[in-house]
Amino acid sequence: MREVPWLRGLNPEQRTAVMHTDGPLLVLAGAGSGKTKTLVHRVVHLVRGHKVEPSRILVVTFTNKAADEMRERVRAFAGDDAAAVIVSTFHSLGVRILRWHGEKLGLPRRFAIYAAADQLGALRQATEEIHISDDRFDLKRVLAQISHWKTRRVTPDEARDEVAEQGGAGTRADEYAVLAADAYGRYEDTLRACGAVDFDDLLLLPVKLLEQDEEVRRDVWRRWHYLMVDEYQDTNAVQLHMTRLLAGARRNVCVVGDDDQSIYAFRGADVGNILEFEHHFEGTAVIRLEQNYRSTKRILEVANAVISGNPHRHPKRLRTDNPIGAPVLLYEHADDAAEAERVAAEISVRRFRERRAWRDFAVLYRANTQARPLEEVFRAKAIPYRVVGGTSFFDRKEVADALAYLRVMVHPRDEIALRRIINVPTRGIGRTTVTRVADKGRADGMPFAKALGAVSDDDVGAAQASSVREFLDLLETRRHALKAAEQAARRPPPATGLPPIARWALDLFRGVGLEDMIRGDRRMNNAEARIGNLRDLAGTLARYERKRWAEVADRMEDGGAAALVLTPEFARGDAGAPGDDGDDDAWRPPTLSDALARLALADLDDPDADPDDADADVVTLMTLHSAKGLEFDDVFLVGLEEGILPHARSIDDGESDALAEERRLLYVGITRAKRRLTLSRCRSRRRGGDIVEVLPSRYIEEVPDGLLEFRPEESVLSAEESKDLRENFFKNMKEMLDDG
DNA sequence: CCAGGGGTCCTTTTT
DNA sequence: GGACCCCTGG
């Protein structure tokens, strides 16, 4: 075979995977085996080797980060002619399909996408109607149950039957199931009434469309001829069906994944999908990538030892030609403060001694709350760091409020958002008034938004009614201003200053009194930071607007003016709502509605993750879940205790599946490390009010002696290290300066 | 009826 | 640190 550039640098298995382009293909790719690389080269092979039209190739990922990376690498390797390859997350793909065909399900053209807080609001409303007091039930748990049904494609009726069959009753769990089954249907009704869908719907509804409607199927089959799915082990039942439907009769489907890295069962992922792939797609070819290019031998040995304790795996054993590397350390600390101290000290010392950069280090933990002690110490020691995930920027109260304002602007009947802001800042419309209006509306068969407009002095009292009217006027005025801003946004933004929509948003936040409200809140000492968050939100809109216009510039450069396709409405200049309609990938000017949809899918930058510091020189702190797919030179895994990893909830569940998943989580963490791995655990931990002794994680206990180097903690720095640091301080410093 | 203060409880993982 | 409840004063 002639040597072609896109096959260079691949091992025989990877080559086979790249060249197998007809019929179903399952690539079982171990951690660090060049999985992404293989996918990228496969895309390139299709485009360059088989002359496949790039836009006929669809690559599906789970996260936007993964999609971005894939897009970037395809482009870097195959050049701009491959830029038209569609790389999308399952959820964004769902949005596309719903935009094109959602009307067939009675979905409005502009539908809102509800995330955690909104879903909870919708559920609260739904359960209020059936008079179930919240205080006896944790609505989050109910929501989790509903979501679980949805990911398994169980309808409300089926859920009720399922619960009735199990019958048992009496136990707490059953009570929840009964409530959840009851609430499920009402929750769905509430969403539809709000013109909204939740995250599960973004998968569920497109599948429904594809199943029911021949026209929709033909449309997607016409668009995409080659399908690739990354991280296939994380697919749920709905995603399996979507994969099948998208693959269609062509069955040019290639899925890549690692059953040992399946860590999302809690949200419905089913490892069975990858284990049974050969049964779901007859005639599947299977390729294993077992050569690891990432980690040292020692790290890989520990990883293999940990994961081998799990039953039901696709048997495989990763091997590597990498050097044996430094010993894997296991520290034991008095508590999490000492642990954090040690991690910080180690990082400082190693960076110094081994001349690493801050960005070479990552600290991984099971739960977001574990970040706090680390943050405290890092701040005290002036170690630059970044916390990934956690309480998202968008979950902060002031940001959520501001966002609700934006949503009400675009979706006037979004009851959840409406209720959130109707008295924020306080304007004399209290709980009682809201309840009365809602009840009256329900009695008259009116949606909440309409009931508000129809409010009369008799219903709620003159003062309240007038406040409501004032509030509605306020919204109307702002909506007017938005129209003007979106009109202005049809032209390229000025080089400096805020683009029109962002400017309008900032005006809105000020004008409705959100800023004053924050300033006036004595309980909060960080008022300015929170006002800064509002600015950042506007900044996100500004970046969005600029990015859209930058795309125009790209298209102009790439293919001349012809590449800039505008929707007919836009070209005519009379589109009422550019950005939402049209069923092609034509460029459209920025709109608030489009920005919000992207925001909901986390498709826009989190302002916390400043674009500038995406590759800033900082230590990364994140959960094991967030770490999947990433790699770092030097990795710390903290809190390896019973109750943390495995998490107490997984232990309580008593299900071995949950414990197997916790083990995989540890496996994922271990295999993130390239050069060095440091494990640690604490002897005691705060639980509730008091401090309790905790046991080491069972998974660590299982690792054979000799693979780990045990370090009982005495002082933060060992005597030897302190001495070394003192004596060599100036020498090291000088070397560093010489280097820079 | 509304606003604001003070107390209490919990806190897995995420598109 | 936050979400939520209850209480008090206007």
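**View 1. Helix 14 and helix 30 of the predicted model pack with their axes within 9 Å**. Helix 14 (residues 297-307) and helix 30 (residues 656-670) cross at roughly 170 degrees, which makes the two roughly antiparallel. Axes here are lines fitted to C-alpha atoms, for helices over the stretch in contact, and angles run from 0 to 180 degrees between N-to-C directions; under 35 degrees counts as roughly parallel, over 145 as roughly antiparallel, 65 to 115 as roughly perpendicular and the rest as oblique. Ile299, Val302, Ala303, Val306 and Ile307 of helix 14 meet Arg663, Arg664, Leu666, Tyr667 and Ile670 of helix 30, where contact means heavy atoms within 4.5 Å. Eight of the contact residues are nonpolar, none polar and two charged (Ala, Val, Leu, Ile, Met, Phe, Trp, Tyr, Cys and Pro count as nonpolar, Asp, Glu, Lys and Arg as charged, and the others, Gly among them, as polar).

A note before you zoom further: this is a predicted model, in which local features need pLDDT of at least 70 and side-chain atom pairs count only at pLDDT 80 or more, while totals for chains, interfaces and linings use all residues. Residues are numbered from 1 along each chain as its sequence is written, chains are lettered from A and ligands numbered from 1 in the order in which they are written, and side-chain values use heavy atoms, with hydrogens and water left out.

**View 2. Aspartate 258 sits in the loop between strand 7 (253-257) and helix 12 (272-275)**. Helices (H or I, at least four residues) and strands (E, at least two) are DSSP runs, numbered from the N terminus. Aspartate 258 is buried, with a relative accessible area of 1%; buried means under 20%, exposed over 50% and partly exposed in between (1.4 Å probe, protein chains only). Beyond its neighbours within four places in sequence, aspartate 258 is in contact with Ala29, Gly30, Ala31, Gln233, Ile274, Lys316 and Tyr667.

**View 3. Six strands form an open, parallel sheet in the order 3-2-6-7-1-8**. Its edges are strand 3 (86-89) and strand 8 (285-289), each pairing on one side only. The twist averages 15 degrees from one strand to the next. Strand 6 (residues 226-229) pairs with strand 7 in the parallel sense over three bridges (a pair needs at least two DSSP bridges), and methionine 228 stands opposite cysteine 254 in strand 7. Helix 2 (residues 35-49) lies across strand 1 (25-29), strand 2 (57-61), strand 6, strand 7 and strand 8, running at about 175 degrees to strand 6. Helix 4 (residues 90-101) also packs on the sheet, touching strand 2, strand 3 and strand 6.

**View 4. The largest nonpolar core has 54 residues**. Such a core is a set of buried Ala, Val, Leu, Ile, Met, Phe, Trp, Tyr and Cys residues joined through side-chain atoms within 4.5 Å. Leu406, Trp504, Phe509, Leu537 and Leu592 have the most contacts inside it, and helix 17 (residues 397-410) gives the most to this core, with nine residues. A second, separate core of 43 residues includes Leu107, Ile113, Val197 and Ala600.

**View 5. Helix 9 (residues 201-212) and helix 10 (residues 214-223) cross at roughly 105 degrees**. Their axes come within 5 Å, and the helices are roughly perpendicular to each other. Leu209, Leu210, Glu211 and Gln212 in helix 9 meet Glu214, Val216, Arg217 and Val220 in helix 10.
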